[in-house]
Number of protein chains: 2
Amino acid sequence: MRCGRDIKVTAISAIDRSKNRGVDLSKFTWHNNPISLASDDSVDVVAELIGGENGAAKDLVEAAISNGKHVVTANKALIAHHGTRLAKSAEAANVTIAFEAAVAGGIPIVKAMREGLAANTISEVYGILNGTSNYILSEMRQTKKEFDVVLNQAQELGYAEADPAFDVDGVDAAHKLAILTSLAFGCELNFDAVHVEGIRHISPLDIEFANDLGYRIKLLGIARQTENGIEQRVHPCMVPLNTPLAHIEDVFNAVVVNGDFVDSTMYEGRGAGEGPTASAVVADFIDIARGRMPNTFAMPAHKLSKMLVAPISSHVGSYYVRFMVADKPGVFATISSALNDYNVSMEAVLQRGRSENKAVPVVLTTHEVDEASMIATLDAIKENDAVMEPPRLIRIEPFN
Amino acid sequence: MRCGRDIKVTAISAIDRSKNRGVDLSKFTWHNNPISLASDDSVDVVAELIGGENGAAKDLVEAAISNGKHVVTANKALIAHHGTRLAKSAEAANVTIAFEAAVAGGIPIVKAMREGLAANTISEVYGILNGTSNYILSEMRQTKKEFDVVLNQAQELGYAEADPAFDVDGVDAAHKLAILTSLAFGCELNFDAVHVEGIRHISPLDIEFANDLGYRIKLLGIARQTENGIEQRVHPCMVPLNTPLAHIEDVFNAVVVNGDFVDSTMYEGRGAGEGPTASAVVADFIDIARGRMPNTFAMPAHKLSKMLVAPISSHVGSYYVRFMVADKPGVFATISSALNDYNVSMEAVLQRGRSENKAVPVVLTTHEVDEASMIATLDAIKENDAVMEPPRLIRIEPFN
């Protein structure tokens, strides 16, 4: 076979032994308790596909490492929360934790960053890291339906879980981003430092305005080296229509990595599902069978630096803001004057529709400004009686 | 450093020792004859960056292998023409030939296919493999200028060589495609079997019609497993606007790989230039320093299969055809009747402009048909006196 060495499944554990998986499991040792896989002498490599940042998954991985067994895992929550410590234990035990399947499913992005781009100093990594959210945003754009309606539809199709919070509130993307950040910058994982916003507030109106302004709305994870430290943020973004990222639709994921030698590179594919996960898990097995056992992250775990965290308030960028205002004289003067007070410079303004009784949207985009000033401006504006709903803010990412 | 082992430059060879390269070369051993690098005891790995399928490059690589030294090369022509034989010698000598820089520059596509997607059976690999051609086509679309004008401009900017044939006639892309084909299908390289067409015939008129029909014209390399064998072809294609590939502009390259587990994955970045090439060359060095020495291709060279070649005449696809015809009655009947004779089914037809004296364009797109029938149809039509120029045929690649 391809790796020049046989890989044999010897033992298995799952909740329900009798469930029909379309494969005859009778020839493999069965463990009712997954943790006992870690002390099975027939096992050299443990594949952890349980999920969850704690509980059985963590116990199994820790036990496997203590017993000198390699680990292959698809568990992004586990790595995002405990990756640094687990990598240190693994290196001390001279085994590897491989987690290609934990980030962007079938796209070999972990290998690309750890090995393919190893010659580069990385300045930023960003991308569409959650297929469910990308599907919902694509579908909202194409059908002009509201978030809730499309979410229900995604749940019926099996693209979204019964509890969709991890996907649509950005947590899943944040797990993946925390891992990519460590790979990019050689720092310890710091999931708690990720600024996270989801897509529940995105409306078809914003999607339409985005289009008129030359953008697509995408839920992105972005990690960037700035002069204030490392920014890690997951939130909806306005992405220019002339970038390839704007055209990544449905459940697909895409990751962009910028390196000093290589400039911008992009990796795209399915971020989840049985096939892509299996592809990544088996690739890790093949690497281990070939004796190709890299550092867990881009460098030895004990050499990972502490992260200097740039707070979101120090973020500098341009913004899209939508106000819903009463259609009466003076409203726009109020908005302009607040922008002026905080030195926020307007780039474009769009107003659509007129109504004597209902709120009408006023949309503006800004030039670059720090986030603290932007928030202060919105706080001032929303005090005004003519502003009928909380202003909606979406960060613009020009990627140039 | 990142690879956990020092990499030291010890010896160098080039044509002109005194050329200012911005680096002090005096501390390295200098060889006037590059081949003598292969017998320098201070050298463990030879980097061949000479280029060309024969001559000094080939002599150096062969000598290095015979002397038990690893080789890192950016030489796509050498690998495309002699890759199978060189890989066999390297494996016999227990050394590796690494060539990440030979395909798509800084994009780690060789590693992705050989390792990241190792669990998959690949059904097709295709992409934009030549940055110069992609720049010219992007520029022609944006400026509506003719090929010759844009080529001159590309030459002035240093994006095209004084002799642009390798780039614009598809040879460079064909070298890369032949390598990707072997990585994808585990077969011996077969450069001579690549069907190659360049972009000299593409006119701004075709680019405009493409846009009206929902396509971009891109020079693609495509390798596909078909029921007739393996197709390898490099030619201009109509690519649907709703695919990410359509939005890869300027000098960027992109490669799409379809695997059975992973489905479609795409890799994008700069295909050429000092930085991207250095990124790929150094990544190969780091792999070798880490002791990560894979097979040269996806499997041991002696196990690569002979390629069953599918001839271009057996290609099945849909087509864009542009005729330049005299604007008089009966012309369209002639075209329709020929299509009918060869069972070519029309999908759409566009006619633009009227002129009593000049030829006017008639464009049609077809449903799927075999290429032999399509060519026979065009041969019949061009016999007609009202057809003023050879018909222009561009294959449509729907990618669905």
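**Note on the chain A–chain B contact and selected elements of chain B**

1. Met266(A) has Glu268(B), a residue of S11(B), as its bridge partner. This pairing belongs to a predicted model. Strand S11 of chain A, residues 263-270, is joined to S11(B) by 3 bridges, and the two strands run antiparallel.

2. The contact between the chains involves 38 residues of chain B and 37 residues of chain A. On the chain B side, at least two residues each come from helix H3 (109-116), strand S11 (263-270) and helix H9 (274-289). By class, this side of chain B comprises 20 nonpolar, 10 polar and 8 charged residues.

3. Within chain B, strand S14 (residues 359-366) pairs with strand S12 (residues 316-326) through 7 bridges, in the antiparallel sense. One pair of bridge partners here is Met324(B) and Pro361(B), the latter in S14(B).

4. S14(B) also pairs with strand S13 (residues 346-351) of chain B, again antiparallel, over 5 bridges. In this pairing Leu350(B) has Val363(B) of S14(B) as its bridge partner.

5. Helix H7 of chain B covers residues 171-185, 15 residues in total. The distance from its first C-alpha to its last is 21 Å, close to the 21 Å expected at 1.5 Å a residue. Of the 15 residues of H7(B), 14 are buried, so the helix is largely enclosed by the rest of the structure.

6. What follows H7(B)? The next residue is Gly186(B), which has a positive phi, near 65 degrees.

Notes. Residues are numbered from 1 along each chain as its sequence is written. Chains are lettered from A and ligands numbered from 1 in the order in which they are written. This is a predicted model: local features need pLDDT of at least 70, side-chain atom pairs count only at pLDDT 80 or more; totals for chains, interfaces and linings use all residues. Two strands pair if DSSP finds at least two bridges between them. Helices (H or I, at least four residues) and strands (E, at least two) are DSSP runs, numbered from the N terminus. Two residues are in contact if their C-beta atoms, placed from the backbone, lie within 7 Å. Ala, Val, Leu, Ile, Met, Phe, Trp, Tyr, Cys and Pro count as nonpolar, Asp, Glu, Lys and Arg as charged, and the others, Gly among them, as polar. The expected span of a helix is 1.5 Å times one less than its number of residues. A residue is buried if 20 or more other C-beta atoms lie within 10 Å of its own, exposed if 12 or fewer, and partly exposed in between; C-beta atoms are placed from the backbone.
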